[in-house]
Amino acid sequence: QVQLVESGGGLVQAGGSLRLSCAASGSIVSFNAMGWYRQAPGKQRELVATITSGGSTHYGDSVKGRFTISRDNAKNTVYLQMNSLKPEDTAVYYCKAVKIRIVTSYDYWGQGTQVTVSS
């Protein structure tokens, strides 16, 4: 059973920075991609950033240039460095891992970590 555990959330002032971590129970090399998503109250969950097993990254438009996703295979951990935070970045941030086997995609989610940005 895959387990993803997020950490690093908290309260920060606008313009500040936070780094989120997502630690996997097993080797992240086995995942085709990992990523961060967020969900604010009353809104749908949205993509923040993804990174493939080959290191290719993709960002949501609202975080481009401010957030950076990275991975440390040795530590089985994916990070999200968040700079220049804005109040609209306030949300629960979730880590996701995707494993594709033949024609089936297996998605795994963490429990989420709260990020609150004050103005």
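View 1. Arg-38 has a relative accessible area of 5%, so Arg-38 counts as buried (under 20% relative accessible area is buried, over 50% exposed and in between partly exposed, with a 1.4 Å probe and protein chains only). This is a predicted model, in which local features need pLDDT of at least 70, side-chain atom pairs count only at pLDDT 80 or more, and totals for chains, interfaces and linings use all residues. Residues are numbered from 1 along each chain as its sequence is written, and side-chain values use heavy atoms, leaving out hydrogens and water. Look for Arg-38 in strand β4, residues 33-39 (strands are DSSP runs of E, at least two residues, numbered from the N terminus). The Arg-38 side chain makes a polar contact of 2.6 Å with that of Glu-46 and one of 3.1 Å with that of Ser-62 (a pair of N or O atoms within 3.5 Å, where one must be able to donate a hydrogen and the other to accept it; residues adjacent in sequence count only if both atoms are side-chain atoms).

**View 2. Val-48 and its surroundings.** Val-48 sits in strand β5, residues 46-52, and is buried because its relative accessibility is 0%. Setting aside residues up to four places away in sequence, Val-48 touches several others, including Trp-36, Arg-38 and Leu-80 (contact means heavy atoms within 4.5 Å).

**View 3. An open sheet of 4 strands.** Here the order is β1-β3-β8-β7, with antiparallel pairing (two strands pair if DSSP finds at least two bridges between them). β1 and β7 stand at the edges with a single partner strand each, so one side of each has no neighbour in the sheet. Between β7 and β8 there are 6 bridges, and Ile-69 has Leu-80 in β8 as its bridge partner.
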